[in-house]
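Subject: Handover of a structure and notes on its helices and cores

Dear colleague,

Please find below the structure that I am handing over to you. My notes on what was found in it follow directly.

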Amino acid sequence: MSGHYFDDRPDGPDQRRTVAVEAWGHRLTCTTSTGVFSGDHLDHATRILLESADPPTGTVLDLGSGWGPIACAVAAASPSARVWAVDVNERARELTRLNADALAADDGARVHVAAPDDVPGDLRFDAIWSNPPIRIGKDALHALLLHWLDRLADDGHARLVVGRNLGADSLQRWLVGQGWPTERTASSKGFRVLTVRRG
């Protein structure tokens, strides 16, 4: 694969395949491709995030959606949820739309797939779930998280899954230092699930 999964437009070939996702009693068959994050399987971190809590409700943001495993799993398990799947990667957004349509989850109201700049500025989220793009670099990651955490509803929460070897513990300390109370609510196979709330 040339380029990175966090590029706007992957320049590599679009080689598609299917991947099974099991979450909250639902088995989903999703289409993936090259040029997106974890295009050949459901990565361990995202699986751990999905297993770490009951599905969120209300208005939910899947930040860095990739091909849409979180967004589609939430939509399947929480019929009343209004899910936003946001990614900079054009191919990832296309795949998420395809998967939402295939699962009959996208009825025009519950699953919205968007580039970051296309999310309405006044929209607030009851939950943000994310396997954040650590590899974009610390400064870019910090700016990304502060931007979207500020979109949380007053009683909302964010759940972030981060590898211990990729700085989960230092990220937790940084978030606390920025005024975002953060606790480790799950830990498995070298990954931490951090739950963030407003101070």
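The buried residues of helix α2 are P69, I70, A71, C72, A73, V74 and A75, where buried means under 20% relative accessible area, exposed over 50% and partly exposed in between, with a 1.4 Å probe and protein chains only. Helix α2 is thus mostly covered, with 7 of its 9 residues buried. Helices (H or I, at least four residues) and strands (E, at least two) are DSSP runs, numbered from the N terminus. This is a predicted model, in which local features need pLDDT of at least 70 and side-chain atom pairs count only at pLDDT 80 or more, while totals for chains, interfaces and linings use all residues. Residues are numbered from 1 along each chain as its sequence is written, and side-chain values use heavy atoms, with hydrogens and water left out.

Helix α1 covers residues 44-51, and its buried residues are A45, T46, I48, L49 and L50. What covers them includes β1 (16-23), α2 (69-77), β6 (125-130), β7 (152-163), β8 (182-188) and β9 (191-197).

Two packed helices are described by the angle between their axes and the distance between the axes. For α1 and α2, the angle is about 25 degrees and the axes are 11 Å apart. The axes are lines fitted to C-alpha atoms, for helices over the stretch in contact, and angles run from 0 to 180 degrees between N-to-C directions. Angles under 35 degrees count as roughly parallel, over 145 as roughly antiparallel, 65 to 115 as roughly perpendicular and the rest as oblique. Helices α1 and α2 are therefore roughly parallel to each other.

The crossing of α1 and α2 is right-handed; a crossing is left-handed if the near helix is turned anticlockwise from the far one by less than a right angle, and right-handed if clockwise. T46, L49 and L50 of α1 make the contact with P69, I70 and A73 of α2, contact being heavy atoms within 4.5 Å. By class, 5 residues of this contact are nonpolar, 1 is polar and none is charged. Here Ala, Val, Leu, Ile, Met, Phe, Trp, Tyr, Cys and Pro count as nonpolar, Asp, Glu, Lys and Arg as charged, and the others, Gly among them, as polar.

Helices α4 and α5

At what angle do the axes of helix α4 and helix α5 cross? The axes of α4 (residues 138-149) and α5 (residues 168-177) cross at roughly 50 degrees and come within 12 Å. These two helices are therefore oblique to each other, and their crossing is right-handed. On the α4 side the contact is made by H142, L145, L146 and L149, and on the α5 side by L171, W174 and L175. The contact of α4 with α5 has 6 nonpolar residues, 1 polar residue and no charged residues.

H142, which lies in α4, is buried, with a relative accessible area of 15%. Not counting residues up to four places away in sequence, H142 touches L171 and W174. Q172 lies in α5 and is buried at 18% relative accessible area.

The nonpolar cores

A nonpolar core is a set of buried Ala, Val, Leu, Ile, Met, Phe, Trp, Tyr and Cys residues joined through side-chain atoms within 4.5 Å. The largest has 33 residues, of which V21, L50, W67 and V83 touch the most other members. Helix α2 gives the largest share of this core, 6 residues. A second, separate core has 25 residues, including V119, L123, L160 and A168.

Two positive phi values

W24 is not a glycine, yet has a positive phi of about 55 degrees. W24 sits in the loop between β1 and β2 (26-33) and, at 22% relative accessibility, counts as partly exposed. S38, also not a glycine, has a positive phi of about 50 degrees. S38 belongs to the loop between β2 and α1 and counts as buried, at 13% relative accessibility.

Yours sincerely
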